[in-house]
Amino acid sequence: MKFGPVSLEDAAGSILAHKTNLPGKVLKKGHVLSVEDCRDLASLGMASVVAARLEEGDVGENEAATRLGLAAKGSGVSEDTAFTGRMNLYADGPGVLMVDTEAVTAANRIDPAITFATLPDRSKVSRDRMIATAKIISFAVSGAALEKAATVVRGAVRIAEFQTRKVGLVATKLPHLKQVTMDKTRRVLEDRLRPSGSAILAEARVSHTSEDVAAAMKSLVDKGADFLVLFGASAVVDRHDVLPAAVDLAGGRVAHLGMPVDPGNLLMLAELDDIPVLGAPGCARSPKENGFDWVLDRLLAGIETGPEDVTAMGVGGLLMEIGTRPQPREAKRQTTAPKISAIILGAGKSTRMGGPNKLLATLDGKALVRHAGEAAIGAGLSQTILVTGHLADEVRKQVEDLDIETVFNPDYADGMATSIRAGMKALAADTEAVIVLLGDMPRVSEAALKKLIAAYKENETSLIVAATANGKRGNPVLWDKRFFDDLNALTGDIGARHLIARNPGFVAEVEIGSAARLDLDTPQALQEAGGALPGKEG
């Protein structure tokens, strides 16, 4: 390929290197110049342009990216159409990304203009997640170099799809371990299993002894469990501790104890009658990603995992904070009519209200939570979910005549994040975006929600759409499915504000006025808005 200034007399058929404005039209970078374009440029007094000219054997950027991407594509992977020298690859279904790292590195060393990038090897991915991109940096590359790269990278990325498993859960009991903690541990594990379609077949809660754990393991296998997870009331600190000793008693084999991932150090990898057995570290009681997830995902995808695999996880194993996010230059892959849902958060205890549940307070003759429900229904969303908790039945009754699904969050006292996760679990599998609304913001109208939806649809990089009041961000917020994993991993009572701060390039703001920051969470705020506490209407 030749690159540089080209006389306009010879420029027809060349590839324009830089965007150029003409009266009434714009010639974009990469545009193939026509005879008419050259005449128009000459009429502006220009004598030459900077352009690229292909030589014999060269392959244009889009064709080259397509050939490279298709060569690398293995099973469980789909592609989009190449544009500006880039082709993206996506996961066809949930699973674990398998990358031939040596092949990818070798392909990237053939020619500086030929690049191929992927997510980290063994990454857990959801359906439609972007996993790799083939990018040609220049306008064309040598056909010979391209062919060499395509040969080297052939089949380098594939998806090991999750297998549906019937999981037996053994949880041991000690006086210090509360029943509510054990219940929550089960729910967190169920959430981890859900992407693979797996579920808990049965749970055995037994005393913290090797004999009882071994008996429970055998019983669960007899019931049809093909995967076992063991949660000890006390951490495993030695090869002869309760859980590994139980595996021995049951006739199984402990393959490895411990892992160089923090949190997650105290994991146990074992098997019983060729059935995987995982001894969960204490951090696995939390929904935050940890070393347990790394091993669990691989086993659920049918990837053989042994001591060498576990001990190789040290580099990158210091998990100070893990967050999934859209990849650079990844646009939305949405349908012409994307399915957008709403989650209304209505589970809190209203502590700042001083006693009554604020969602039952009335404004303009309707409960606050009903205002939110009617706005969501009026916006024409595909699904509306109300998450309840404190005084759940009373809150639900306020919207029971509306087309709203109610989901009870048993962990509502642990903070807003638990309610977001509860709502996310209830979303339909084909949901492409979700609007998270607060139940105590009655002035957010259906028109405001429609503005958020319009902003989401009109710009392919608007993966987060936040409502604002006089330029200050508030609520509600619309989230593209690229952030669903992040929302499912939230903890505490701070919501998802930090996700917005971490991803400024994907945020669009929509002004809806004071409604975006008007939350009625104190008696004074309610009174000033013209509302009344429950039982004090009129």
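Author: Four bridges link strand β26 (residues 433-438) with strand β28 (residues 472-480), and the two run antiparallel. This is a predicted model, in which local features need pLDDT of at least 70, side-chain atom pairs count only at pLDDT 80 or more, and totals for chains, interfaces and linings use all residues. Residues are numbered from 1 along each chain as its sequence is written, and side-chain values use heavy atoms, with hydrogens and water left out.

Reader: What makes β26 and β28 a pair?

Author: Two strands pair if DSSP finds at least two bridges between them. Strands β26 and β28 have four bridges, so they meet that definition. In β28, L478 is the bridge partner of I435. Strands themselves are DSSP runs of E with at least two residues, and helices are runs of H or I with at least four, both numbered from the N terminus.

Reader: In what order do the strands of the open sheet stand?

Author: The seven strands follow the order β25-β24-β21-β26-β28-β27-β29, with mixed pairing.

Reader: What makes β25 and β29 edge strands?

Author: β25 (405-408) and β29 (507-511) each have a single partner strand, so one side of each lacks a neighbour in the sheet.

Reader: Which strands does helix α12 touch?

Author: Helix α12 (residues 416-425) packs on the sheet and touches β21 (340-346), β24 (383-388), β25 and β26. Contact here means heavy atoms within 4.5 Å.

Reader: Why is T20 counted as buried?

Author: Its relative accessibility is 16%, and the limit is under 20%, so T20 counts as buried. T20 is in strand β3 (residues 20-22). Apart from neighbours within four places in sequence, T20 is in contact with V26, L27 and L41.

Reader: How far is the backbone oxygen of H18 from the side chain of T20?

Author: It lies 3.1 Å from a polar side-chain atom of T20. A polar contact is a pair of N or O atoms within 3.5 Å; within protein, one must be able to donate a hydrogen and the other to accept it, and residues adjacent in sequence count only if both atoms are side-chain atoms. The 3.1 Å of this pair is therefore within the distance limit.

Definitions and conventions: Axes are lines fitted to C-alpha atoms, for helices over the stretch in contact, and angles run from 0 to 180 degrees between N-to-C directions. Buried means under 20% relative accessible area, exposed over 50%, partly exposed in between (1.4 Å probe, protein chains only).
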